[in-house]
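Open the model in your viewer and keep the selection panel at hand. We will go stop by stop.

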Amino acid sequence: MIGEKKRILSGVRPTGPLHLGHYAGALENWVELQHQYDCTFLIADCQVSDYAHDLPRVRNAVWEVALDWLAVGLDPESSRFVIESRVPEHAELMMWLAWFLPIGMLERNPTLKAEMQAIENPEDATTKGKSIPVAFYIYPVMQVANILLARADVVPVGEDQLPHLELTRETARHFNRNFKPVFPEPQALLGSAPRLVGTDGNAKMSKSRGNTIDLKDSVAMVASKVRRMYGGPPRGAKEPGRVQQNPLFLYLDAFDRDPAQVNNLKERYERTGVSNEELKDRLTAVLYELLEPIRERRAKYESNLSLVREALEHGTERSRAIAQETMEMVRDALDLNYLQRAFETDTKLL
Ligand code: TRP
């Protein structure tokens, strides 16, 4: 029930269908958390300035994300699914908070710095020479507004998001100290799963690299992606290898429900060698078990899209009620109702 449980807010940018990296890094955790907390899950459709040239993709991804969320078992009744742009209070709060955000904290933000460098000096020649829009520079500020607007206590995030959370805490402290105590100082909740690498072994799993396994991929698609997965430096089938160097083990660690078996494989792998084919067969089976129930639920919602729409509308509406409550508190704290007050009390204006 709202008001009794601690509040969680987390979110994702709608840039495409969700993949195994999202599942291991966030969704699996969210599904558990939704029972213990009052959860808001945000589709951050204001934070996609890097996809401004491809709006159809972003619009479509809002549906994909909502469908994926329902498919993994997030419950839109006990939690709120919210579309950022449908709650204009985000933009309003962000503007007021911008008064209090030290620009140095953005300049020093290591995640933002790295992302901006990647935009200005991309490996990918097609995006070379791009300039960075202000909206990208201030996306951490949008995130601050997302979190504070929901008056969240806890924010489950990946490690790369920690600088943004520090910015949020700093802003909340400043506001509470200098005006009124409106905002909880949110705590980060780091997932325990290590970051999943791409199927090509690249450190980043991303759609643009084409190295993802998507939650909506068919059985055949998953099997074929696993077959082509990078399995460490070349090695004979009966040659021992190093577990650390083979990302197949990272996947098994993340998704195999039988850790004893995985340990057994690891031990054999280092001692006598295990072929990548055997590892891949196991991973295919493990992913089938994980993804099949997700596919089934997805199919149910796909054949009844009005349920998806309801989840989004209903969640956004309930989030907006909280947002408006927060804005009332902010208006009071910053004395934004000064005009109304002056007229109501008939004070001399000058
Ligand atoms: N920036 C986050 C990401 O890329 C998504 C996000 C937007 C978010 N707003 C948020 C996460 C608020 C946590 C809280 O993953």
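## The whole chain

Start with a cartoon view: the protein has 14 helices and five strands. This is a predicted model. Now colour by burial. Of the 350 residues, 48% count as buried.

## Stop 1: helix α7

Select residues 139-149, which form helix α7. How many of its residues are buried? The count is 11 of the 11, so α7 is largely enclosed by the rest of the structure. Show side chains and walk along the helix. Tyr139, Pro140, Val141 and Met142 are buried. Gln143, Val144, Ala145 and Asn146 are buried as well. Ile147, Leu148 and Leu149 complete the buried set. Keep Gln143 and Asn146 highlighted for the next stop.

## Stop 2: the ligand

Select the ligand and the shell around it. Which residues come nearest? Of the 14 residues around the ligand, they are Gly11, Gln47, Gln143, Asn146 and Gln161.

Now draw distances from the ligand nitrogens:

- Gln143: an N or O atom of its side chain is 2.9 Å from a nitrogen atom of the ligand.
- Asn146: an N or O atom of its side chain is 2.8 Å from a nitrogen atom of the ligand.
- Gln161: a polar side-chain atom lies 3.2 Å from a nitrogen atom of the ligand.

Taken alone, the ligand exposes 360 Å², and the protein buries 86% of that. Colour the shell by element. β1 (7-12), α7 and β4 (154-157) each give two or more residues to the shell. The largest share comes from β1, with four residues. Then colour the shell by residue class: seven are nonpolar, six polar and one charged.

## Stop 3: the loop after α7

Go back to α7 and step past its end to Arg151. Arg151 sits in the loop between α7 and β4. Check the backbone here. Arg151 is not a glycine, yet its phi is positive, at about 45 degrees. Is this residue buried or exposed? Arg151 has 12% relative accessibility, so it counts as buried, the cut-off being under 20%.

## Stop 4: inside helix α8

Select residues 162-178, helix α8, and find Thr171 in it. Thr171 is buried, with a relative accessible area of 1%. Where does its side chain reach? The side chain of Thr171 meets the backbone oxygen of Leu167 at 2.7 Å. An α-helix has 3.6 residues a turn, so residues three or four places apart point the same way.

## Stop 5

Select Asp335, in the loop between α13 (305-333) and α14. Asp335 is another residue to check for phi: the angle is positive, about 55 degrees, although Asp335 is not a glycine. Its relative accessibility is 34%, so Asp335 counts as partly exposed.

Select Tyr338, which lies in helix α14 (residues 338-344).

How values were computed: Residues are numbered from 1 along each chain as its sequence is written. This is a predicted model: local features need pLDDT of at least 70, side-chain atom pairs count only at pLDDT 80 or more; totals for chains, interfaces and linings use all residues. Side-chain values use heavy atoms; hydrogens and water are left out. Buried means under 20% relative accessible area, exposed over 50%, partly exposed in between (1.4 Å probe, protein chains only). A residue is near a molecule or strand if one of its heavy atoms lies within 4 Å of it. A polar contact is a pair of N or O atoms within 3.5 Å; within protein, one must be able to donate a hydrogen and the other to accept it, and residues adjacent in sequence count only if both atoms are side-chain atoms. Accessible areas come from the Shrake-Rupley method with a 1.4 Å probe; for residues, only the protein chains shown count as cover. Ala, Val, Leu, Ile, Met, Phe, Trp, Tyr, Cys and Pro count as nonpolar, Asp, Glu, Lys and Arg as charged, and the others, Gly among them, as polar.
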